[in-house]
Amino acid sequence: MSFKVENLTWKIGRKTILRDVSFETEPGKMLGLLGPNGSGKTSLLRLLAGLRQPDAGRILLDGRDLASLRRRSIARRIAFVEQHAATNANLQVVDVVKLGRFPHRSMFSGWSREDDRIVEDALHRSGMEQKRGERWQSLSGGEKQRAHIARALAQAPQELILDEPTNHLDVQHQIGLLRLVSDLPMTSVIAVHDLNHAAMFCDQLIVMQQGSIIAQGAPESVLKEELLRTVFGVEARVEPSAHHGRPHIHFLR
Ligand SMILES: Nc1ncnc2c1ncn2[C@@H]1O[C@H](COP(=O)(O)OP(=O)(O)OP(=O)(O)O)[C@@H](O)[C@H]1O
Ligand SMILES: [Mg+2]
């Protein structure tokens, strides 16, 4: 099960941001969250990460209410890379990645070889090995993004939540990142704007509109021409790709 979200509603003041949202994640699978700007993707991810509390409904993590878990136990399990993740301190890349180990350490345990191994693995997977000694401020936007991913991987989470992780990346690193996430054994929930990338890599998709889920299921059942027109306001033709069998969207001009 991993996440089970039941009738989630979330408000800011009197404004309802998320309305009666329900879905389940499949363990080890990649769930893509789609929707126009302002449809509620970031809001939903923040609730999933335990950073906000629902006004109604609940989020279960392996059957336990997320609201009943302590911050530290959540941090041992769930890693979240925010849409506009900031790191102000002038640290080296490797030190930022090491921060990912923090929830796993106790007052009594020192830094271990296992911690080192996990940090190295995270640097390697995110392609940031070469940049390990660089100062944070000297990184490009895309490199910062990848360093944040490395920190999240160092957290060794069972659930990985990513809010538009590809938005600063060049096309090679976009594809590389999505492939990496889809190959990871953990459950991932990832907000993305590129519908073709979502179709290629995600196992399941959720489409949001004005705070509600308007469609969910396998990419081929969700990405229909009618939905692209009504939700995203674009004319397109969808057909199975000859290369990967997933739906491929041809946008019409
Ligand atoms: N602090 C806030 N106060 C008032 N409204 C807010 C606040 N944060 C978000 N909202 C509103 O909640 C709605 C959903 O925002 P959210 O950031 O979740 O959308 P999103 O789908 O992530 O959009 P994007 O694709 O632009 O990242 C928007 O209408 C936004 O204006
Ligand atoms: Mg957002």
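Author: Two strands pair if DSSP finds at least two bridges between them. Strands (E, at least two residues) and helices (H or I, at least four) are DSSP runs, numbered from the N terminus. This is a predicted model, in which local features need pLDDT of at least 70 and side-chain atom pairs count only at pLDDT 80 or more. Residues are numbered from 1 along each chain as its sequence is written.

Reader: What is the order of the strands in the open sheet of six strands?

Author: The order is β6-β7-β8-β3-β9-β10, and the pairing is mixed. β6 (78–81) and β10 (212–217) are the edges; each has a single partner strand, so one side of each lacks a neighbour in the sheet.

Reader: In which sense do strand β7 and strand β8 pair?

Author: β7 (residues 159–163) and β8 (residues 187–191) run parallel, paired over five bridges. Ile161 has Val189 in β8 as its bridge partner.

Reader: Which strands does helix α1 touch?

Author: Contact means heavy atoms within 4.5 Å. Helix α1 (residues 41–48) packs on the sheet and touches β3 (30–34), β6, β7, β8 and β9 (204–209).

Reader: Is Thr42 buried or exposed?

Author: Buried means under 20% relative accessible area, exposed over 50%, partly exposed in between (1.4 Å probe, protein chains only). Thr42 is buried, at 18%.

Methods:
Chains lettered and ligands numbered in written order. Heavy atoms only, no water. Axes fitted to C-alpha atoms, helices over the stretch in contact; angles between N-to-C directions.
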